[in-house]
Amino acid sequence: MNQILITSQAADAGQRLDAFLGARAEGLSRSRAKTLIEEGAVTVDGAVETNPRAPVKEGLVYAVNLPPPVPAMPEAEAIPLEILYEDAHIIILNKAAGMAVHPAPGSQDGTLVNALLHHCQGQLSGIGGVERPGIVHRLDKLTSGVMVAAKSEAAHTGLAALFERHDIDRVYRAVTRGSPRPLSGTIDAAIARSENDRKKMSVHRNPDSPAARRAVTHYKAVETFGYKDRATRLPAAALLECRLETGRTHQIRVHMAHAGAPLIGDPVYGRQTGIMAWKAPGSEVNYEKALAAARAFSRQALHAAVLGFVHPVTGQTLRFEAPLPEDMTALIAALRKLPVD
């Protein structure tokens, strides 16, 4: 059992005990400190204190007895992972499309958590007292790309704070049916759970509603493909770079659908499969191949390409990039053959 010893100073006097320990004990969050206090794992000058609200007194020795982490509920599974970086506190990986992050009904195994429990076996210091990886952000099951997970409580607390402050550089690549207008800009539209389908999110009519959360996506078209029709010459499809200022559930998917350019293959926010495109004389073969590739794309065409942040423990500036997966590069290659005379 590990023990943390802290001697209170004059400036600490009067603070709540859980807040004091959360601020002074390295790698310990306030909520975790509260749980440990209530479990009898904290002593003050040798006497057990179980009241998280107890005021701190100057010059006393506060001991936090950290129990060994209990085994996580999900089972560890030997699933191959593409690791981009790893140290004692964090692990960065390129998640494959089709892998769920957390076990859930219908996906109890084969998840990222199952894989990390196996890969990090014996390296997890116990987050919230449980031997598990700390997941502070998620990618949808059908979205590929860069993710970070915590291996220590200090990293978990620090990463959570970075995401809460939106102090993270996140860049996504998306292929859309049609394109937003203009081709670059910012979508500032609050998102809430859909009133018609609780499994979906939607842009809320009233951004001041308590149910709505502000969501901001900065985007630009990196490349456009073909024309919807020759008269307007609006793109039939586009490759977008999206930077998240906020991180709401399904944010890019909802915002692009709201802008009239849903992601190709999106099973939830795309109202139809494939794309509409102008067919130039003599381009029939390439036209059919492009439309077939779009129709056959079986997931939302979305990839988390870049993740950058300051390491929450070492202070090192980190930035990681994952190239587009093969299915998206093949889709883009087919779309490039659409005519644009």
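**Figure 1. Helices H6 and H7 pack with their axes within 8 Å and crossing at roughly 150 degrees.** The view is taken from a predicted model. Because angles over 145 degrees count as roughly antiparallel, H6 is described as roughly antiparallel to H7. The crossing of the two helices, H6 and H7, is left-handed. On the H6 side, the contact is made by Lys289, Ala290, Ala293 and Ala294; H7 contributes Leu331, Ala334 and Leu335. Sorted by class, the residues of this contact comprise six nonpolar, no polar and one charged.

**Figure 2. Aspartate 327 and arginine 299 form a salt bridge.** The closest N and O atoms of the pair are 2.8 Å apart. Aspartate 327 belongs to helix H7 (residues 326–335), whereas arginine 299 lies in the loop between helix H6 (284–296) and strand S17 (302–310). The pair thus links distant parts of the chain, 28 residues apart. Aspartate 327 is partly exposed, at a relative accessible area of 33%, while arginine 299 is buried, at 4%.

Figure 3. Over the whole structure, a search finds 16 salt bridges.

**Figure 4. Glutamate 86 and lysine 151 are paired in a salt bridge.** Their closest N and O atoms are separated by 2.9 Å. With a relative accessible area of 29%, glutamate 86 is partly exposed. Lysine 151 has a relative accessible area of 2% and is therefore buried, the limit being under 20%.

**Figure 5. A salt bridge connects the side chains of arginine 30 and aspartate 18.** The N to O distance is 3.7 Å. Arginine 30 is part of helix H2 (residues 30–38) and aspartate 18 is part of helix H1 (residues 17–24); the two residues are twelve residues apart, and the pair links distant parts of the chain. Aspartate 18 counts as buried, at 1% relative accessibility, whereas arginine 30 is partly exposed, with a relative accessible area of 44%.

Notes: Residues numbered from 1 in each chain as written. Predicted model: local features only at pLDDT ≥ 70, side-chain atom pairs only at ≥ 80, totals over all residues. Heavy atoms only, no water. Salt bridge = Lys/Arg side-chain N within 4 Å of Asp/Glu carboxyl O. Helix = DSSP H or I, 4+ residues; strand = E, 2+ residues; numbered from the N terminus. Buried < 20%, exposed > 50% of the residue type's maximum accessible area, 1.4 Å probe, protein only. Axes fitted to C-alpha atoms, helices over the stretch in contact; angles between N-to-C directions. Parallel < 35°, antiparallel > 145°, perpendicular 65-115°, else oblique. Left-handed = near helix turned anticlockwise from the far one by under 90°. Contact = heavy atoms within 4.5 Å. Nonpolar A, V, L, I, M, F, W, Y, C, P; charged D, E, K, R; others polar.
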